[in-house]
Amino acid sequence: MHARITILLAEDNPGDVFLVRRALEKHGLEVEVVVVEDGQSALRYIDRVDQDPAVVAPALALLDLNLPRANGNRILTRIRESPRCKSIPIIIVTSSDSPLDRDAAAKLGATGYFQKPGDLAGFMQLGQVVRDALNPAIAQTA
């Protein structure tokens with residue numbers, strides 16, 4: 001038995017949470033998804049990871065930029081400052097196609113940027129993006 005990989009998903013839209021979970025399943029990713037619905041909850045989660053060694057650190061984070069109570073860039077900055085999470089892949093998952101948002105996320109240390117598509121097949125591609133980003137972690141748990 002191997003340890004499951006944990007993914008932090010910061011997303012306030014329940015429909016998008018469902019689609020993310022479905023995309024991960026479709027690509028054969030057996031992961032534990034920790035869902036936080038607003039920015040403050042995401043920041044508290046990272047604080048708990050840093051303060052309590054018993055809390056499993058995520059292997060990857062999926063962040064929506066437009067979250068209530070703290071935006072994705074603030075969470076991204078916090079993760080990159082975290083002793084236990086600073087080196088994890090962070091993929092921005094957002095409806096924004098703004099070059100300014102892309103540039104800001106990249107400068108803050110985002111690993112990837114996935115614009116939420118308008119169709120189901122397009123959204124399912126997120127599973128492959130996550131699989132590619134997790135490739136070393138998946139190999140370690142096999």
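Visitor: Which residues touch the most other members of the largest nonpolar core?

Guide: In this predicted model, that core has 24 residues, and Leu 63, Ile 79 and Ile 92 touch the most other members. At least two residues of this core come from each of β1 (5–10), α2 (39–51), β3 (60–63), α3 (72–81) and β4 (90–94). Helix α2 gives the most, with five residues.

Visitor: What does Ile 92 touch?

Guide: Leaving aside residues up to four places away in sequence, Ile 92 touches Leu 63, Leu 65, Leu 76, Ala 105, Ala 110, Gly 112, Tyr 113 and Phe 114. There is also a second, separate core of 21 residues, which includes Leu 9, Ala 23, Phe 114 and Phe 123.

Visitor: How is a pair of aromatic rings described?

Guide: Two values are used: the distance of the centres and the angle of the planes. This structure holds one aromatic pair. The ring centres of Phe 114 and Phe 123 are 6.2 Å apart and the planes stand at 70 degrees. Planes over 60 degrees apart count as edge-to-face, so the pair of Phe 114 and Phe 123 is edge-to-face.

Visitor: Are Phe 114 and Phe 123 buried or exposed?

Guide: Both Phe 114 and Phe 123 are buried.

Visitor: In what order do the strands of the open sheet lie?

Guide: The five strands follow the order β2-β1-β3-β4-β5, with parallel pairing. At the edges are β2 (31–36) and β5 (112–115), each of which pairs on one side only. From one strand to the next, the twist averages 20 degrees.

Visitor: How many bridges join β4 and β5?

Guide: Four bridges, in the parallel sense. Val 93 stands opposite Phe 114 in β5.

Visitor: Which strands does helix α1 lie across?

Guide: Helix α1, residues 14–26, lies across β1, β2 and β3. Its direction runs at about 165 degrees to β2.

Visitor: Where does Thr 94 lie, and is Thr 94 buried or exposed?

Guide: Thr 94 lies in strand β4. The cut-off for buried is under 20% relative accessible area. Thr 94 has a relative accessible area of 0%, so Thr 94 is buried.

Visitor: Which residues does Thr 94 touch?

Guide: Not counting residues up to four places away in sequence, Thr 94 touches Asp 64, Leu 65, Asn 66, Tyr 113, Phe 114, Gln 115 and Lys 116.

Terms used: Residues numbered from 1 in each chain as written. Predicted model: local features only at pLDDT ≥ 70, side-chain atom pairs only at ≥ 80, totals over all residues. Heavy atoms only, no water. Core = buried A, V, L, I, M, F, W, Y, C linked by side-chain atoms within 4.5 Å. Buried < 20%, exposed > 50% of the residue type's maximum accessible area, 1.4 Å probe, protein only. Contact = heavy atoms within 4.5 Å. Phe/Tyr/Trp six-rings, centres within 6.5 Å; stacked < 30°, edge-to-face > 60°. Pairing = 2+ DSSP bridges. Axes fitted to C-alpha atoms, helices over the stretch in contact; angles between N-to-C directions.
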